[in-house]
Amino acid sequence: MSKGQTKARSQRQLKVGEEIRHALAWAIGRGDVHDPAVLKASLTITEVSVSPDLKNATVYVVALGRGSDEMDGTLLGLRRAGPFLRHCVAERVQL
């Protein structure tokens, strides 16, 4: 494989990514995350990219109607809520 090319994701990776995306959207949409930076933002989870061994996931988020400085605060709030969000995903996603 040449530099710059990536291997196509397997069907399982795509399905697990979608399950994680739905679990995170459910937790954030219900207002379970009590961080003020996250509560006042209208978030959209655009994609979840899962590693081939399904141990790591990268979540891509867009905050609608927010400037870059406000987005930085929202990302910090999401990082602070990371352990709670991992717990929510572990409860809702059964592999």
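This is a predicted model: local features need pLDDT of at least 70, side-chain atom pairs count only at pLDDT 80 or more; totals for chains, interfaces and linings use all residues.
**Note on Asp35 and its setting in the chain**

1. Asp35 is found in the loop between helix 1, which covers residues 11-29, and helix 2, which covers residues 36-39.

2. Is Asp35 buried or exposed? With a relative accessible area of 12%, Asp35 counts as buried, because the cut-off for that class is under 20%.

3. As for the surroundings of Asp35, a polar atom of the Asp35 side chain lies 3.0 Å from the backbone nitrogen of Ala37. Once the neighbours within four places in sequence are left aside, Asp35 is in contact with Gly77 and Arg80.

4. Turning to the chain as a whole, there are four helices and two strands, and from the N terminus on these elements follow the order α-α-β-β-α-α. The C-alpha trace spans about 45 × 30 × 20 Å along its principal axes.

5. What share of the contacts with a separation of 6 or more comes from residues 24 or more positions apart? In this chain, such residues account for 55% of those contacts.

6. On burial and surface, 31% of the 95 residues of the chain count as buried, while the chain exposes about 6,700 Å², of which carbon and sulfur atoms supply 52%.

How values were computed:
Residues are numbered from 1 along each chain as its sequence is written. Side-chain values use heavy atoms; hydrogens and water are left out. Buried means under 20% relative accessible area, exposed over 50%, partly exposed in between (1.4 Å probe, protein chains only). Contact means heavy atoms within 4.5 Å. Accessible areas come from the Shrake-Rupley method with a 1.4 Å probe; for residues, only the protein chains shown count as cover. A polar contact is a pair of N or O atoms within 3.5 Å; within protein, one must be able to donate a hydrogen and the other to accept it, and residues adjacent in sequence count only if both atoms are side-chain atoms.
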